[in-house]
Amino acid sequence: MAVKRKGQLRLVEAVLAVFMTVAVLLMVMGFTRPLRSPYIRETSDLRRLAYNVLSAMAQASTFENTLSERIWAILDSRGGWQPSDAGLRDLELFLSLSLPPGLLYRMDIYFLNGTGRGVERVYLGTAKNYDAEMTKLTEAESITFTYTITGAKQLSFAERFNFSALPWFITTLTSGTSNTGVYLSGPPNIGLITQVDSISDSTYGYAAAIYDVQSTLGLVPAAGFTFCVTGSYNKEANDRNNNVAQVSVGVDTDWDGTIDVEYIFYRYDISSTYNGSLVSILRNPGSLICRMSSSGSCAAAPGTGFRVFGLGRMSVGGTYSWCGKLPYTSGRVLKIAFATVDDRYSASGLQGDFWVFWDDFLASWSFENIRGLTLEVLLTIGYAG
Ligand SMILES: [Ca+2]
Ligand SMILES: [Ca+2]
Ligand SMILES: [Ca+2]
Ligand SMILES: [Ca+2]
């Protein structure tokens, strides 16, 4: 009897354990994979589901990950730029995967711009999987959710120039004698070479490789944009020490598609009897920005739209870094150029040439201006009638 009773107790325990497991499973499934069941058709369940999805999105930084570019561009351009809908389509993908099949949704997103009485509610976009004009929802719940963006999305990019030929997004700007040009170094050390010999004994020459940032990396904020690239400097023995190697970053501050400010980060090798030159590659391609003595600073202030940053000397045979960070300015980075400028004196063929081998370009940027911004999200979910 005692044995039988023990057996019965065990059975009760086992049934209870199964019951608990099923209950937990149902609860978990209710959050992660809600089924289209009679229960979910209760509006209170729809409401709970809507809140669950929104809090999951907040926790996974889904709004930052999908909408950073869009919000940043609208804010930075003061509404003058219409960004692509790519972020909204990503948001729709997230919602379609998170919500039960057959459930229809529409999410309207706004952000609150300004403070105090000056707050403006700016429409950001809509993510949806049905057309309200074609489909009416029978059972639906709408909730409003506010979300404060705490982080700023950060992106980075590395380019090792491992190409077999110059790709479409690298163009060149050159002026000089015969060997002046942009080349790819062969294996095993693949990189870009900008080689130059001035066009004459009295006029400067330049060789620039121009990287199309906008076409390859999309919207890149200028504010705080940071980069580094290494360069190995060398020259033919007859070349005079009047050489400058510069990295130019072109920023479109007013969002009209043209470069307004060219930031120039340069190194120089200039002997006391010579001068060096800085040349615009991106804003006024080919024009002289300034000349400099062996001290390495511009003899006259660069004109409007140019900012120059001396990074120090370079010596033949040395490898250096060109690193820089743009100030907190408005606008987007459109292009980056790697260039060598020979102040004057030329000779035939390789004679009188100098070059820099560029490699390992790294850049990082973030969408800082969206930090602290409040989003207002209106989510409606329901079933088609
Ligand atoms: Ca030279
Ligand atoms: Ca512009
Ligand atoms: Ca030459
Ligand atoms: Ca030369």
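## Basis of the model

Residues are numbered from 1 along each chain as its sequence is written, and chains are lettered from A and ligands numbered from 1 in the order in which they are written. Because the model is predicted, local features need pLDDT of at least 70 and side-chain atom pairs count only at pLDDT 80 or more, while totals for chains, interfaces and linings use all residues.

## Overall make-up

The protein has five helices and 18 strands. Helices (H or I, at least four residues) and strands (E, at least two) are DSSP runs, numbered from the N terminus.

Of its 385 residues, 36% are buried. A residue is buried if 20 or more other C-beta atoms lie within 10 Å of its own, exposed if 12 or fewer, and partly exposed in between, with C-beta atoms placed from the backbone. Among contacts with a separation of 6 or more, 74% join residues 24 or more positions apart. Two residues are in contact if their C-beta atoms, placed from the backbone, lie within 7 Å.

## The six-stranded sheet

Six strands make an open sheet with mixed pairing, in the order β5-β8-β16-β10-β11-β14. The edges are β5 (170–175) and β14 (306–313), each of which pairs on one side only. On average, neighbouring strands of this sheet are turned by 15° against each other, direction ignored. Such angles run from 0 to 180 degrees between N-to-C directions, and the axes are lines fitted to C-alpha atoms, for helices over the stretch in contact.

Two strands pair if DSSP finds at least two bridges between them. Strands of a sheet pair through backbone hydrogen bonds, either parallel or antiparallel.

## Strand β8 and its partners

Strand β8 covers residues 205–212, and seven of its eight residues are buried, so the strand is largely enclosed by the rest of the structure. Six bridges join β8 to β5, and the two run antiparallel. In this pairing Ile 170 stands opposite Tyr 211 of β8.

The pairing of β8 with β16 is also antiparallel, with eight bridges. Here Ala 208 faces Ala 339 of β16.

In strand β10, 11 of 11 residues are buried. Both faces are covered: one side includes Val 244 and Gly 250, and the other includes Ala 245 and Val 247.

β10 (residues 242–252) pairs with β16 (residues 332–342) in the antiparallel sense over 10 bridges. Asp 252 has Arg 332 of β16 as its bridge partner, and Val 244 stands opposite Val 341 of β16. With β11 (residues 261–270), β10 again forms 10 antiparallel bridges. Gly 250 is bridged to Glu 262 in β11.

## Helix α4

Helix α4 (residues 86–98) has 13 residues and spans 19 Å from its first C-alpha to its last, close to the expected 18 Å. The expected span is 1.5 Å times one less than the number of residues.

Gly 87, Leu 88, Leu 91 and Leu 95 of α4 are buried. They cover an arc of only 95° around the axis, which puts them on the same side of α4; the arc is that of the directions from the helix axis to the C-beta atoms. An α-helix has 3.6 residues a turn, so residues three or four places apart point the same way. What covers the buried residues of α4 includes α3 (62–76), β1 (104–113) and β2 (120–128). On the other side of α4, Ala 86, Arg 89, Leu 93 and Leu 97 are exposed.
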